[in-house]
Amino acid sequence: KNSAKAMEKELVTCSLQEKEKTAIDRSQIFQIPQRKDLETKVIVVLGKAGMGKSILVQKICQDWSNGEFSQFEFVFWFDCKQISLPEKQYSLKELLLEFFVKPQEGSKEIFEYILQNPAKVLLVFDGFKGLHDHENFPRCSASQPEKDLCSIKELLSGLIQKKILNGCTLLFTARPKDKLYQCMSKVDKTIEIVGFSPQQRELYITKYFEESPYGDSALKLIKECEYLFSHCYSPVMCRFVCFLCETVLEMGEKSLPSTLTEVFLKFFQQKIMLMQTDVTTPQNQESLATLARIAWCLGEKHQSAMKSDLLPSKEVKEFALKYGFFLPFALPRHSDSEEEEFGSTFSDFVIQNFLCALHLLLAEELKDKNLTKYLSFLSKKKKPYDWLDLMPRFLAGLMFLQDDPCFCSLSNEDAKQPTKKQKTLLKYIRRLQINTLCPERLLELLRCVYETQNNYLLQHVALRLEPDLSFLGIVLTPPDVHVLHSILKRSRKEFSLDLRSSGIDVQGLQALVSLRNVTSFRASLSDTVRLWKSLEQTKDYELLKASTEKFVLDPFKAKTMKDISDLSDLVEMQEKMMNCVQEASGCTRYEIPAIRNLRKLEFALGPACGLQGLLKLVKILAAFPSLQHLDLDALSENGIGDEGAKSLSEVFPTLTSLETLNLSQNKITDLGAENLATALPSLSSLKTLSLYNNSICDFGAENLAKVLPAMTSLRVLDVQYNKITGVGAQQLTDSLRKCPHVKNLVMWNPTIPYGVLEHLHQLDSRISV
């Protein structure tokens, strides 16, 4: 079981510039190209709670002790929950050589060596969220920060600001939503742990039950409960599900709970029942209620640890430690004469979240109607209990489980009470204007309603969902996809889904796309192509054809080189699909509707990749027969220049539907204008051409003037903010007389005298002054 916990998870490095994701090996974590060795390096490992960030950094420490990462002579690992207790102060020496490890001798010499060789030091701060309120980080003001007592915030601030141990390597782990960047001037590398794939989930479960007689039946049982299996993408949830599955099989039961709330209700009951000896049930119930109140009080402050002597009683402390809900740790002493202090921390974030929900339900001072405010679906600002992100789901679930035997064994509450709380929640959700909720709040509502497993609530929400559902930029985990899928399936409406930048996996995308009432969807190109390739390999041609017909691409905005590569892959996929569809249906030709119907394409790669991206784009432009609007104007300026203009002009004959071409702000000179002018008449549908803010002079204007009469579909030409003088302006005006079809010529230029332009406007009112 323990070896299963240390199983490899996929590490992903995120490029902030292009936001691409690439899987990396653990050995590559500290590789930072083009970075000065003498400066402090800051690496951040992101991952949702329970993804295995702590296991990863512990594995790094273990690897280092076995000879890997030899660039470091010292590695120090800190749990931020423990070192960030209020009112505790440390010097750097105490933090390193008292809190982490205490050398038997020579600590002064060791510390001096560390100060002189910072590049050989790795400092790991695990669980950065534990440093609550770190958006208001103080600047380190100690005169001797290495030796003076400071708060942990000040010490970290000094390390990040390079005032302390400049040249060391700092490794932070944090949740993705944490405001990490506000207190860091520069993060050199960001890595995200994305959890287990379905195959890795199966491997973990197999390893967990390796020495158990229930191996095969356990995996089968967990996979049958699709919702719980989806939660197994999180390593910590996978461990809880495996524990419960083992208990269920030992008791001879044949099914698992259907919700997360039931899993943890049963987990708590089994934990306490299995170890219960001479302690009476009421005493355990009382201790659990006290522990739940502590969980809530700490959770409100974004904490999960406290000094052990602040616990209300010896019985509660022993209860929490005995059943594994708390873990103890020692606090550093400033001197040998001081009495040793101990702290306690919740063994797991899920346990604290569940206990918080339990407290809200059991607390006598909380009225039933006040419970709904902790669900916070209506808040447009950051949720007040965002740190306890599982708590609302557990709270909603527990409201509908208060007559469950497991719940009754944990509390002494009257079993008749649940109906009041359930009615409160039902009334609250009935009044909700579901169509006004932002995507994040809507998703939270779906999660909470699913945990209730109440048919009326599930149907009520399903019937009130908007037909256009956008989760653009909202991370959809495998459990989120399961919940969304099950609720959409209940509705009679037809839905259009936007799943771009949601991080949805291929299995989740396939599940949603295969729903009959999902009639169209948008997703990232790479995810979509990956899905289609998967369906092609499994020869599921029917779903392949159906999903291509539902896919929407228009309008498409390319922001990175990856977007262009993905678009190329899509076009390539069409060629492959022709063979598949012909084989399956006998059609002689097949076009992916999204490619056939793309009308607007925006290109915004910026100056660094603009030309390179365009040269790749022009190779596939002919594949989009309905393209009407090609926009190469971007705020960051693509700068395709004359080479880009020439390359683009070569494919003009294939762009028979193009009506708008925007080449503004692209550093095009007379040479580029000449190449464009030669090919422009072949754009038989072009109505608007913008060459605003380039570097076109009179020679370029002359070439445009020559072809203007041949561009019979053109209605608007914009050449303002170039370098055209009165000579070029006169040539364009002369040509305009032969062009009755042109309605507007915009050609204000700082190089054209105002009087000249005014005169030309009087000659032809279509010229804008």
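Tutor: Axes are lines fitted to C-alpha atoms, for helices over the stretch in contact, and angles run from 0 to 180 degrees between N-to-C directions. Helices (H or I, at least four residues) and strands (E, at least two) are DSSP runs, numbered from the N terminus. The model is a predicted one, in which local features need pLDDT of at least 70 and side-chain atom pairs pLDDT 80 or more, while totals for chains, interfaces and linings use all residues. Residues are numbered from 1 along each chain as its sequence is written, and side-chain values use heavy atoms, with hydrogens and water left out.

Student: What angle and axis distance describe the packing of helix 8 and helix 10?

Tutor: Two packed helices are described by the angle between their axes and the distance between the axes. For helix 8 (residues 215–224) and helix 10 (residues 235–250), the angle is about 115 degrees and the axes are 10 Å apart. The crossing of helix 8 past helix 10 is right-handed.

Student: Which residues make that contact between helix 8 and helix 10?

Tutor: Contact means heavy atoms within 4.5 Å. Helix 8 contributes Ser-217, Ala-218, Leu-221 and Ile-222, and helix 10 contributes Val-241, Cys-242, Cys-245 and Leu-249. Ala, Val, Leu, Ile, Met, Phe, Trp, Tyr, Cys and Pro count as nonpolar, Asp, Glu, Lys and Arg as charged, and the others, Gly among them, as polar. By these classes the contact has seven nonpolar residues, one polar residue and no charged residues.

Student: What makes the pair of Arg-26 and Asp-63 a salt bridge?

Tutor: The term requires a side-chain nitrogen of Lys or Arg within 4 Å of a carboxyl oxygen of Asp or Glu. The N to O distance between the side chains of Arg-26 and Asp-63 is 2.9 Å, and the pair is a salt bridge. Distant parts of the chain are linked by this pair, 37 residues apart: Arg-26 lies in the loop between strand 2 (21–24) and strand 3 (41–46), and Asp-63 in helix 2 (residues 53–65). The structure holds 20 salt bridges.

Student: Why does Arg-175 have no salt bridge?

Tutor: The nearest side chain of opposite charge, that of Asp-389, is 4.1 Å away, so with a cut-off of 4 Å no salt bridge is counted for Arg-175, although this residue is buried. Arg-175 is placed in the loop between strand 8 (169–174) and strand 9 (189–193). Its contacts beyond four places in sequence include Phe-349, Trp-387 and Asp-389.

Student: How do you know that Arg-393 and Glu-444 form a salt bridge?

Tutor: Their side chains meet at 3.9 Å, N to O, which is within the 4 Å cut-off. Arg-393 in helix 15 (residues 391–399) and Glu-444 in helix 18 (residues 439–452) are 51 residues apart. Both Arg-393 and Glu-444 are buried. The two also belong to a network of salt bridges with Arg-447 and Asp-480.

Student: What are the burial classes of Asp-566 and Lys-562?

Tutor: Asp-566 has 9% relative accessibility and so counts as buried. Lys-562 has a relative accessible area of 26%, and is therefore partly exposed. Their salt bridge has its closest N and O atoms 3.2 Å apart. Both residues lie in helix 24 (residues 561–585), four residues apart, about one turn of the helix.

Student: What makes helix 27 mostly covered?

Tutor: Of the nine residues of helix 27 (residues 641–649), seven are buried. Among them are Asp-642, Ala-645 and Leu-648. The cover includes helix 26 (606–617), strand 18 (629–631), strand 19 (660–662) and helix 28 (670–679).

How values were computed. Buried means under 20% relative accessible area, exposed over 50%, partly exposed in between (1.4 Å probe, protein chains only). Lys and Arg count as positive and Asp and Glu as negative; His and the chain ends are not counted. A crossing is left-handed if the near helix is turned anticlockwise from the far one by less than a right angle, and right-handed if clockwise.
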